[in-house]
Structure formats: C-alpha cells, structure tokens
Amino acid sequence: MVAAGELLARFRVRAAVVVWLLAAGSASAELVLGPERFVQANGADIVVPGYSVPSFVDWNNDGLKDLLVGQGGNYNSPAVRVYLNQGSPSEPVFSTYSYVKTSGGDPVGYVGHECSCAALGLYPRAVYWDGDARKDLLVGQLDGTVMIYRNVGTDAQPVFDDGTFLQALEGDQKVNIDVGDIAAPTVVDWDNDGLRDLLVGQEAGGLYWYPNAGSNTQPDFQEGVEIGVEGGGSFVVAHQQSTPVIMDLDGDGRKDLLTGNLPGQLLFYPNVGTDAAPLFGDYSQVEADGVPITVDAITGASPRSRPFVTDWNGDGLLDVLIGAGDGKIHLYQGVPDAATMALLAVGALGLLFRRRSSTLPRDRA
Ligand SMILES: [Ca+2]
Ligand SMILES: [Ca+2]
Ligand SMILES: [Ca+2]
Ligand SMILES: [Ca+2]
C-alpha cells in the first residue's frame, strides 16, 4: 500500500517534469523530420522520366491515399502517374502505376497544347474545383501557364476533359494566367475571405496570388498580385524556383510558406504578417535527421525540389514528400521532437520515477 502523501509527492514530481519539458519544447514546433528514404514500387525506388512532382491523395476512394506523380524533363514525357496504395494507412505499398488520362484515352499532359505541355516536371495537384464532388486536376506547366482538367468520370475513377487554361483579369480582358516559367500552383484562401484563391510559384522565385472574386465552385480570378516581404518589395525564394506549400507549420495561427528551390533545398518561411495578409521575412533550412535537406538531380540537371506535406504513415506527425531532378520520390517522415520524446519517456519510465529521486528529469536533459 502507498500512503496518500507519497502518491501526491509522486504526482507533483511528474507534473513538474511535464511542465518543464513542455516549456523546453515550445520553441520548436516546426517540422521535425527523420532520415531521407525513397518511395518504392515493386521493391525498387520509383524513378520517373525527368523531374518528379509527388502528392498523396486518395485517388480511387478506397480509404487509402495514393501517390500522384507529375513527370517530365527536357521537353519530354510530360505526364501524370498514379500509384494506387495496396498497403495500409500506416504502411503505404505500391506496385504498378497508370497514367492519368483524358476521356479520349490520352495521358494528361501529352496532347492538345503543343509546347506548353512540355515540362521540367508537370506540376499536378488534385483539387475539387467546381463543386460536382468529382476530383479535378490542377496542373502547372513549363511555360508558366496553369490548366484545370475537369473530371468527367467519377470521383473514384477519374477521367478528364482536355483541359482549360486558367485565366485572370476582368470580363473581356481575361487572359491566360502566365507566371513566366515553371508554374507551381496551389489552391488556398490566401486572404481569408472565404473564397479559395490560386497561389502560383515560378522559376524566378516569386509568388503570385490570384484573388478569387467568383465563388468556390465558379472561381473568377483577378489580376495576379506579387507577394511581398517584410519592409516592402517582392518576395523571391532563396535560389529561385518557388514551389509553395501553404500551411501554419509553427502553430501560431498564421499560414506559413514551405518551398523548394533550384538547388534542391527545403525552406521554411514563417509568416511575419497576419493570417489574412501574409508576409515573409527570413527563412530557415529544413533539416532531416539533423542535416539540411538537399535533394539530388541527375548529372547536369538542377535538383528543383518540389515538396508536398502529408501524414504518410497516419501517425499524426506531418511527413514531407519531395520530388526532384533525379526523378525519385524523397520521403522524410516526421519524428517526435525532443520534448515529445521526453514526454513519451516520462510515461515509459514511470516505474523508474517511483524509485528514483526528482533529479532524473535533469539527468535526462
Ligand atoms: Ca486509394
Ligand atoms: Ca480568398
Ligand atoms: Ca505560422
Ligand atoms: Ca507521419
């Protein structure tokens, strides 16, 4: 039997440890990633022709997220592959792939758009574009244009139309959106007005916001606005080639920017503006297993990192997929940060706590 006083003393020690560890960990809420590995299919690393642009979405509605990969390089082989997940929510497994196709049977990206379809990595993102509950495909292209391929099949068996160039500006002034070269689009309500907007990265490193003045099912984009920086001027990602992922990564309630760049790094730009009017200042280089991430390219090419944030293995920790000039799918799984690890250890070491003095937590520091 244990006396009530002794129980209370134990509780106080453990509560103090928890508070101390939480305080110690509060400064590092960003991504904490483990070592690099490569996503495989049929037991071998996936390698697509040219540049890879991965994302992870349940393509066929079977409850398992699937791997969607844009490909293409040197003006060849622009296409979108889908690897259906044959594993489990905690352990994705892939074997073969198929190309995402139009209702005419052509792979999306090959036909109908002449040179504009060519790619240094066709940049696809699955989105629900027009409110018909069938997933559509948003595709950034080499020439800086952005296309929407509408799903004319079903949500579980997507098949697409021949694609439409997205346009901006008013009424009869509307022109195709063109950010220069290598468009990297994402859909986000940038200004928090309830309407999803288009944010597009590009080769020179800028970010363009196309405000939606229509609706969430019939977007109507206004003139592109260059994203700014703290103190004035235009945002340009360090070392060119912005590939934006927009989400609040440090938990301060303001959407942040995660982006790749030309030399294949992964950069985190915390939002120093507001959630409805983001501004970016200094960046930090995201690390994997304590080493700054730099993805590879085949000889003579530039890496051009293209990140996608997801929970790959369903453990509640964010993971990062990165596509690159080596055609591979780089995977960095989130690991508990030092504070969380220590908290877990507090639970696991409960027996120790009952026998040892309160100096243990400091020993563990
Ligand atoms: Ca699936
Ligand atoms: Ca908006
Ligand atoms: Ca933030
Ligand atoms: Ca995870």
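These legends walk through several close-up views of one predicted chain.

Residues are numbered from 1 along each chain as its sequence is written, while chains are lettered from A and ligands numbered from 1 in the order in which they are written. Since this is a predicted model, local features need pLDDT of at least 70 and side-chain atom pairs count only at pLDDT 80 or more, whereas totals for chains, interfaces and linings use all residues.

**Figure 1. The whole chain, to get your bearings.** The chain has 4 helices and 26 strands; helices (H or I, at least four residues) and strands (E, at least two) are DSSP runs, numbered from the N terminus. Of its 365 residues, 39% are buried. Here "buried" stands for 20 or more other C-beta atoms within 10 Å of a residue's own, "exposed" for 12 or fewer, and "partly exposed" for anything in between, with C-beta atoms placed from the backbone. Take the contacts between residues at least 6 apart in sequence: 50% of them join residues at least 24 apart. Two residues are in contact if their C-beta atoms, placed from the backbone, lie within 7 Å.

Figure 2. The average pLDDT, the predictor's confidence in each residue from 0 to 100, is 87 for the chain, and 85% of the residues score at least 70. Over residues 11-29, though, pLDDT is below 50, and that stretch has 21 contacts beyond near neighbours in sequence. Residues 351-365 also stay under 50, with 10 contacts beyond four places in sequence. Where pLDDT is low, the predicted coordinates should not be read in detail.

**Figure 3. A loop around Lys101.** Lys101 sits in the loop between strand 7 (98-99) and strand 8 (123-127). Why does Lys101 count as partly exposed? Because it has 19 other C-beta atoms within 10 Å. Its contacts, leaving aside neighbours within four places in sequence, are Asp106, Pro107, Val108 and Val159. Look for Pro158 too: Lys101 and Pro158 are 57 residues apart along the chain, and their C-alpha atoms are separated by 8.3 Å.

Figure 4. In an open sheet, 4 strands line up in the order 14-15-16-17 with antiparallel pairing; two strands pair if DSSP finds at least two bridges between them. At the edges are strand 14 (184-188) and strand 17 (225-226), each pairing on one side only. Strand 14 pairs with strand 15 (residues 197-201) over 5 bridges, in the antiparallel sense. To spot this pairing, find Val188, which stands opposite Asp197 in strand 15.

**Figure 5. Inside the nonpolar core.** A nonpolar core is a set of buried Ala, Val, Leu, Ile, Met, Phe, Trp, Tyr and Cys residues joined through C-beta atoms within 7 Å. The largest one here has 77 residues, and those touching the most other members are Leu137, Val139, Val146, Ile177 and Val200. Zoom in on Ile177: beyond its neighbours within four places in sequence, its contacts include Val146, Leu166, Val200, Tyr210 and Phe221.

**Figure 6. Two residues with positive phi.** Most residues other than glycine have a negative phi. Asn61 is not a glycine, yet has a positive phi of about 55°. It lies in the loop between strand 4 (53-57) and strand 5 (66-73), and it is partly exposed, with 13 C-beta neighbours inside 10 Å. Gln241, also not a glycine, has a positive phi of about 65°. Its loop runs between strand 17 and strand 18 (245-247). Is Gln241 buried or exposed? With 25 other C-beta atoms within 10 Å, Gln241 is buried.

Figure 7. Strand 19 (residues 256-260) is mostly covered, with 5 of its 5 residues buried. In a regular strand the side chains alternate between the two faces of the sheet. On one side of strand 19 are Asp256, Leu258 and Gly260, and on the other Leu257 and Thr259, all of them buried. Strand 18 pairs antiparallel with strand 19 over 3 bridges, and Ile246 stands opposite Leu257. Strand 20 (residues 266-269) also runs antiparallel to strand 19, joined by 4 bridges; there, Leu257 stands opposite Tyr269. The hairpin of strand 19 and strand 20 has 5 residues between the strands, and in it Gly264 takes a positive phi near 90°.

**Figure 8. Phe268 and its surroundings.** Phe268 belongs to strand 20 and is partly exposed, with 19 other C-beta atoms within 10 Å. Beyond its neighbours within four places in sequence, Phe268 is in contact with Glu30, Leu249, Asp256, Leu258, Tyr283, Ser284 and Val286.
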